[in-house]
Amino acid sequence: VWSNKIIVLNYSDADLALAYSRMGEVFGKNDMLDYAEKFYLKSINLMSYVIDYKNKYGSFLLNNNRVDDAKAIFLKALSLNPTIKEIHANLGLIYIIDEDYQNAETFLNQAIALDPDYLLAYENLLVLSQKINDSKATSLYLQKILNINPQHKLKNLKENYKIETKKK
């Protein structure tokens, strides 16, 4: 008789946590949100110090408009390891959503301090600068984005801000 039940004794906790995290992703992409959350939590419970599982779960929560829950997960992950740029960028985005622009800028700048070419952080800083109507910062972030990736989808905006990109 065939069964799709996992015999957990045959696998290490690390293997199971990875499988559960991936199952959470698959269920999430197929809008089976209760199952997705169940498997994300299983992965975190098995490997509570693996930041990647917390980051994926937090992103899942954020993508499903559970902003406060996502913030709590990201802050826990940050307390375990403050050097993960993605966590800082996700918190920056959350603070933009919460209209706490000072904290948003702090977290996004920390992401850039960890990776000076972190495109997503610059994209979020660009959004932030537009929300606070800082055209000088908008121009600066747009220029940085185009210096990192001259073919970026925002390249058509450079004429509006008189930006020249560096040749690589």
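In this predicted model, Asp 34 lies in helix α2, which covers residues 33–46. Asp 34 counts as exposed because its relative accessible area is 67%, and the cut-off for that class is over 50%. Gly 24 is 10 residues from Asp 34 in sequence, and the two C-alpha atoms are 9.3 Å apart in space.

The protein as a whole contains 9 helices and 0 strands, so that its pattern along the sequence reads α-α-α-α-α-α-α-α-α. Of its 168 residues, 38% are buried. Where contacts link residues at least 6 apart in sequence, 38% of them join residues at least 24 apart.

Helix α7 can be described in more detail. It comprises 13 residues, 119–131, and spans 18 Å from its first C-alpha to its last, close to the 18 Å expected at 1.5 Å a residue. The buried residues of α7 are Ala 121, Tyr 122, Asn 124, Leu 125, Leu 126, Leu 128 and Ser 129. An α-helix has 3.6 residues a turn, so residues three or four places apart point the same way.

Just after α7, Asn 133 adopts a positive phi of about 55°.

Conventions:
Residues numbered from 1 in each chain as written. Predicted model: local features only at pLDDT ≥ 70, side-chain atom pairs only at ≥ 80, totals over all residues. Heavy atoms only, no water. Helix = DSSP H or I, 4+ residues; strand = E, 2+ residues; numbered from the N terminus. Expected span 1.5 Å × (residues − 1). Buried < 20%, exposed > 50% of the residue type's maximum accessible area, 1.4 Å probe, protein only. Contact = heavy atoms within 4.5 Å.
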